[in-house]
Amino acid sequence: MFKLLDKLENVTFSRRAFLGSSAAVTAGALLPSTKSGLRRLSAAEAAEEKEKNGEWIPSACWHNCGGRCLLKAYVEDGVVKRQKTDDTVEDTADNPQQRSCVRGQSQRQQVYGVDRLKYPMKRKHWQPGGGDKSLRGHDEWERISWDEALDTIAGEIERIKNDYGNRSIMVTGGDVGRALNLAGGHTTTWGTTSWGSWRWGPEYFGLQEGYFEHSINDRMDLRNSQLIVLWGMNPAWSSPGSPSYHFLQAKKEGARVLVIDPMYSETAELMGDEWIPVHPGTDHALMLGMAHTLVDEDDPETNPLIDWEFLQSCTVGFDEETMPEDADKKENFKAYLTGEHDGEAKDAEWASKISGVDADKIREIAREIGTTNRVALLTGWAPARIKNSDSWPQMFMTFGAMTGNMAEPGKMTGVSCHFGTGNGGPRLVYAGDSGVPAGAENPVEDSLAHAEMWDAILQGKYTAGEDDVRDIDIKMIYHGNNAALQTRDGQTKGIDAHREMEFVVTNGHFITTNAKYSDIVLPATTHWERFGGFNVGNRDALFYYRNVIEPMYEARDDAWITTEIGKRLGFTAEEVYGDLSKEQELFNQIAGAEVMKEDGTGYEPLVTITEEDIKEWGVDGEPQEGRMTIAELEGKGVYQVKRSPDDNLGYIAQEEFRKDPDKNPLDTESGKLEIHSKALADYVRSNGFTTIDPIPTYNPATEGYEETYKDFEAGKKGDYPLQVVNPHYLRRAHTIFDNNPWLREAWPNDVYVSRQDADERGVADGDPVLITSKHGKTLRTAHVTERLMPGVVGLMHGAWVEKDAADEVDRAGSDNILTGPIPTGQGISGWNSTVCDFEKWDGGPLKEDKYWEPRVVL
Ligand SMILES: Nc1nc2c(c(=O)[nH]1)N[C@H]1C(S)=C(S)[C@@H](COP(=O)(O)OP(=O)(O)OC[C@H]3O[C@@H](n4cnc5c(=O)[nH]c(N)nc54)[C@H](O)[C@@H]3O)O[C@H]1N2
Ligand SMILES: Nc1nc2c(c(=O)[nH]1)N[C@H]1C(S)=C(S)[C@@H](COP(=O)(O)OP(=O)(O)OC[C@H]3O[C@@H](n4cnc5c(=O)[nH]c(N)nc54)[C@H](O)[C@@H]3O)O[C@H]1N2
Ligand code: SF4
Ligand SMILES: [Mo]
């Protein structure tokens, strides 16, 4: 105590440094006045006083969060003292500011976190070959030098390569592959992550996956829709930035909004006119019931519900008449719907039993969509992150096509998620290429599916395709820029797999889950500590950032780490990364940045570049004319394309196709939307997991609603009678920020359970509960709510696993502790199809996350 007081007394604050670092100083600060001691400052004076010695620098917010926003850091004496967001434009409905969320605003807590990984660290009981492998996750850490760390890594790569071959080294992400590929390659991983069954299927039946390309119209056109259906979408949580605001503009124009989701989400609360709860993973069945209603009740003369003209001209496979030439005519979709294939009509009653939506309600929604002229049928990827959901996206397309809600103003059908939420279309502004060469090809072709990989490692076998199972013997894992052990299916097996390894390395910022189960961890810089670059998000804006602080402690850029490993494996820096300077890399991106011309006919350069700029940057380049100078870009950190409802920058997806399908065919086998797609069924089969039919038939999810029953027909529930979903949560961008103290306080990460399920188990709000699945156990505090449909548990995505000493129970609410590595269809990671149960836990109240010790290792 005395020591602390001594220390405090010996610290001499300069007045300015004190003011700058005090977050509490805002309007009304006190300053000495010449006459009477202290004088109260006005808000403007206080702000000015605080900003005398530093500058505001655009700083990155780089997370995969579905938003992308402007962050500015106020840097004084090399320290970020404050943050702010977009004040570069007036905030209007047509051109909203690109404002950051509470996570972005807490970035300082991450970059300056006490738990930052400061130095290279080695697990105490690791030795070449693995040492005591069982201690992974519980061992102590020792600080080592960069040289020792890099020499050890290169040495282990050589050893494992020589003893077992390059296939035994698995890289889960990041750029260390640049070095490894030169040295004979490595096994990779692959998966459907965000998209679920929207990842690769759509190209076969004629829609887009929703990230790179879009099947929905742009945000201005959303205002032309009379009815907006948000099917498994929660933009208020998972599309930060302005998307929710765009939907509100459409509402102002009179749109009605239907929300179909097991959870009465913040989106439903904010903009929903009606909420329709549905059992997770049964959306396909619900939509079949709706489609059946249309077929059953449609009469072109008296009750037109189906757009027959659209089906005729733009699709194949709906009925006998539109079946592809080479297919059996009886295999058409309508025949399946009416029960001609299997004797069972997929009517509203059938759909109700599976989806939990009342049959009358199913008919009512079908009629409403069928009779409304302009409907936006929008879906997130969540209902597609379901095991065995490979036919769901095609079903979604089919219903959109039946009602003709595509390719015209106010009419659209497709994914509205992540960057593209409510705002489809090609980017209006983007950055140029840095010019860094792509790097050597990977000579190893083995690649493990995320949904299978932990099990594959343990079993020594993986699925390489149809009837193609191969041996694999992984001995080393290198984790780069991802959180694989936390974010892939089946974490319990993932931890077991890590404990089988001879060597595990992680580059990162904290003792994340990957790092915790590693042998060597390397401190990486954050974007704030790096030279500079661009970020993109929604189609309207491009974000530029610069270095705001020097690297913290001994943190190094990932590119440096890779280069140093490459050198130790016998390659030059140029061979690993090319020979461009950092200045040249950034300059190339600036010079190559393009923005859509005002008439919408193509792109033109964004940034004006002069001979002086080129000289000042010390780079190769040509002068050019653009819309803003480099100085303006550096000051603002953003270029936002100005939009208005009648400009030329709008987007109607597949417009040309609908106008003249023969002249402007789609990229499918028939050139049309394929309600019958042999190519899709062939593609799914080629992965070697499960199969589907060419038409969108309903396939119950693996670990879906039906599996909550021991006997579905008899209505007898099984051992795991509840379903789990993992909504993407505001505390985190996936796993990132989970450790952030401010966000822990704001978002406690309780597990959401329904009032009915809680009552049945004697659980009250705030009680600790143990949640159990076939694959693992986790503890959380219960948030008992009427906002969740009975039978469903909401375990928010991305918490860092925290196993107890016995290694049995996770205490963090880690979502992937409950999932299993179960590959289906196109290799889907089906997190929202998991079954579980919960019970009151008698181990006393749980310590809130905000009081947990940070993972400080040095
Ligand atoms: N159960 C379940 N699992 C899921 C999902 C779900 O809904 N439920 N959602 C899935 C989805 S949609 C996605 S996209 C994935 C995301 O899966 P990941 O991409 O694995 O998740 P992130 O948390 O974004 O991981 C990024 C990691 O990289 C670190 N990092 C950030 N910047 C740098 C850097 O510059 N250098 C280095 N070395 N490290 C850096 C971060 O600290 C973080 O640990 O998760 C999937 N997993
Ligand atoms: N705050 C935050 N935002 C994020 C992210 C994050 O980690 N945190 N991650 C970003 C990334 S990479 C991605 S891919 C996107 C994902 O965004 P989405 O794919 O939209 O996923 P979620 O936000 O998990 O879920 C959206 C809604 O779907 C509901 N839902 C879940 N399962 C089903 C189902 O089977 N049927 C229906 N009808 N509804 C269902 C959930 O209850 C939730 O309200 O989010 C992005 N945005
Ligand atoms: S929405 Fe994403 S990019 Fe924007 S401030 Fe939040 S975390 Fe950062
Ligand atoms: Mo994602």
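**Ligands and their surroundings**

Modeller: Let's start with ligand 2: one of its oxygen atoms is 2.6 Å from a backbone N or O atom of H734. Keep in mind that this is a predicted model.

Biologist: How much of ligand 2 does the protein bury?

Modeller: The protein buries 99% of the 910 Å² that ligand 2 exposes when taken alone.

Biologist: Where does ligand 2 sit?

Modeller: In the largest cavity.

Biologist: OK, and which residues are closest to ligand 2?

Modeller: C65, S238, D261, D283 and H734 are the closest, out of 35 residues that surround ligand 2. S238 has a backbone N or O atom 2.6 Å from a nitrogen atom of the ligand. N726 also has a polar backbone atom, 3.5 Å from an oxygen atom of ligand 2.

Biologist: What classes of residue make up the shell around ligand 2?

Modeller: There are 19 nonpolar, 11 polar and 5 charged residues in that shell.

Biologist: Switching to ligand 1. Which residues come nearest there?

Modeller: A483, T487, R530, D558 and T735, from the 27 residues around ligand 1.

Biologist: What does the side chain of D558 lie 2.7 Å from?

Modeller: A nitrogen atom of ligand 1 is 2.7 Å from an N or O atom in the D558 side chain. R530 places a polar side-chain atom 2.6 Å from an oxygen atom of ligand 1. Then there's N726 again, with a polar side-chain atom 2.9 Å from a nitrogen atom of ligand 1. The protein covers 94% of the 910 Å² of accessible area that ligand 1 has on its own.

Biologist: What surrounds ligand 3?

Modeller: C61, C65, R68, C69, S100, C101, R103, G104 and P240. By class, that shell has 5 nonpolar, 2 polar and 2 charged residues.

Biologist: Is C65 buried or exposed?

Modeller: C65 counts as buried because its relative accessible area is 18%, and the cut-off for buried is under 20%. C836 is buried too, at 0% relative accessibility.

Biologist: With those cysteines around, how many disulfides are there?

Modeller: A search of the whole structure finds 0 disulfides.

Key
Residues are numbered from 1 along each chain as its sequence is written. Chains are lettered from A and ligands numbered from 1 in the order in which they are written. This is a predicted model: local features need pLDDT of at least 70, side-chain atom pairs count only at pLDDT 80 or more; totals for chains, interfaces and linings use all residues. Side-chain values use heavy atoms; hydrogens and water are left out. A residue is near a molecule or strand if one of its heavy atoms lies within 4 Å of it. Ala, Val, Leu, Ile, Met, Phe, Trp, Tyr, Cys and Pro count as nonpolar, Asp, Glu, Lys and Arg as charged, and the others, Gly among them, as polar. A disulfide is a pair of cysteine sulfur atoms within 2.5 Å. Buried means under 20% relative accessible area, exposed over 50%, partly exposed in between (1.4 Å probe, protein chains only). A polar contact is a pair of N or O atoms within 3.5 Å; within protein, one must be able to donate a hydrogen and the other to accept it, and residues adjacent in sequence count only if both atoms are side-chain atoms. Accessible areas come from the Shrake-Rupley method with a 1.4 Å probe; for residues, only the protein chains shown count as cover. On a 1 Å grid over the protein atoms alone, a cavity is a set of points where a 1.4 Å probe fits but cannot get out, and a pocket is an open set with protein on both sides within 12 Å along at least five of seven lines; lining residues have an atom within 4 Å of a point. A molecule sits in a cavity or pocket if more than half of its atoms lie within 2 Å of its grid points.
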